[in-house]
Amino acid sequence: MRLLRDVRDIPYDRTGERLPMILDVDTGIDDTLALIYAAAHPDIELAGVTCVAGNVPLDDVVHNTLGVLEIAGRADVEVAAGATGPVARPLETTPETHGPHGIGYAQVSPSTAASDRHAVDLIVETARRRPGEITLVTLGPLTNLAAAVLAEPRLPLLLRDVFIMGGTFFEAGNAAPRVEWNIHVDPEAAKIVFHRWSVCAEDGAAPLTVMGLDVTETSRIDASGLADVARACGLPVAADDDVAIMSTAFGDPLLDLVRDSLRFYFEFHEIADGFYGAHIHDPFVVGAALDPSLIHTRATVVDVQVGGVMTDGETVADWRGHLDKGVNARVAVAGDGAAFGERLRSLLADAASL
């Protein structure tokens, strides 16, 4: 057995400059919040958004992404369509969680179009043009990133770092007993990605930062929190009843988009998890990419189980050094979801009041 030399936090290089970021999304209700957070945050330079089929088919993802960015006042951001389905299996979507088109009860009508570039080209070309600068944040299946590392095997060395919303290591899964949804949709792609980062570890590639359900489920939003955002903007809130709050228009396009999408999510969680609110997985990952002090990580080797009735898509962390592979991941083992929730609400209030 090979003992890992360092399973503590690896320091992140953050010097307070504006962080150049590419988001890879499958928009998605919580992707919607993540897009708004990245688009509106003054410390993030949103260098592009790439789309992958996941929560909904690719056409819906692109449509939603363009619409959300336009309402957020960032129609200038390049949006590139990517993979229409997983590497080696049919696409499985989740309309019961995100609604038939991905953003719950919300509707968007973007006036802009997607880029002529493919998502893989956007990622690879930007990383080559700005080596060591770009943080890539993936919020859906890893299909686009797998294709990118196959197209450019040195990509792990060209990116500043990568934050992944995916996997679960200590807590129950949401797709199978030990399997998280994003990895479940395309485990083959995830396996490609983790393997490539292990190969490049010896050459100095920064490990992937992996935020699984263990930490992302610590951050929630509920109706009262959204009502507080509206009040902070000086908007009327009809009632203190949760359902009434989520059923009444605030009169602000951005907050009404958030309310209409979240209402579907809240109803899903009330049935599935027993609370009227939502985990805000994806925006928490964006927040941690900007401020890694929100999470505590351990360095290890992560691989993905492909096959198995109950374990297909399971993320396996080699905590005791059994695998003779390069350390490819910083796995988040704790996170301050409550602190991030406060930051999200504050940013929504600022963005809505502009």
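**The cavity and its surroundings**

Mentor: The residues lining the largest cavity divide into five nonpolar, one polar and two charged. The model is a predicted one. Rolling a probe the size of a water molecule over the atoms shows where empty space is left. Here the count comes to one cavity of 30 Å³ or more, and the volume of the largest cavity is about 30 Å³. Its lining consists of Leu66, Leu69, Glu70, Arg74, Ala75, Val77, Val79 and Thr112. Helix 2, residues 58-71, gives the most to this lining, with three residues.

Val79 leads from the cavity to the sheet. This lining residue sits in strand 3 and has Val49 as its bridge partner. Strand 2, residues 44-51, pairs with strand 3 in the parallel sense, over three bridges. Both strands belong to an open sheet of eight strands with mixed pairing, in the order 3-2-1-4-5-6-12-9. Strand 3 (79-81) and strand 9 (295-300) are at the edges with a single partner strand each, so one side of each has no neighbour in the sheet. From one strand to the next, the twist averages 25 degrees.

Helix 13, residues 281-290, packs on the sheet. The strands that helix 13 touches are strand 1 (19-25), strand 2, strand 4 (135-138), strand 5 (161-165), strand 6 (208-211), strand 9 and strand 12 (329-335). Its direction makes about 160 degrees with that of strand 5.

Most residues other than glycine have a negative phi, and most peptide bonds are trans. The bond joining Thr27 and Gly28 is cis, with omega about 0 degrees. Gly28 is in the loop between strand 1 and helix 1 (29-40).

One helix pair remains. Two packed helices are described by the angle between their axes and the distance between the axes. For helix 10 (residues 223-232) and helix 14 (residues 337-352), the angle is about 35 degrees and the axes are 9 Å apart. Their crossing is right-handed. Gly225, Val229 and Ala232 of helix 10 meet Arg345, Leu348 and Ala349 of helix 14. The residues of this contact divide into four nonpolar, one polar and one charged.

Methods. Residues numbered from 1 in each chain as written. Predicted model: local features only at pLDDT ≥ 70, side-chain atom pairs only at ≥ 80, totals over all residues. Heavy atoms only, no water. Pairing = 2+ DSSP bridges. Helix = DSSP H or I, 4+ residues; strand = E, 2+ residues; numbered from the N terminus. Axes fitted to C-alpha atoms, helices over the stretch in contact; angles between N-to-C directions. Contact = heavy atoms within 4.5 Å. 1 Å grid on protein atoms, 1.4 Å probe; cavity = no way out; pocket = protein on both sides within 12 Å on 5 of 7 lines; lining within 4 Å. Points joined across faces, edges and corners; volume = space filled by probe spheres on them. Nonpolar A, V, L, I, M, F, W, Y, C, P; charged D, E, K, R; others polar. Left-handed = near helix turned anticlockwise from the far one by under 90°.
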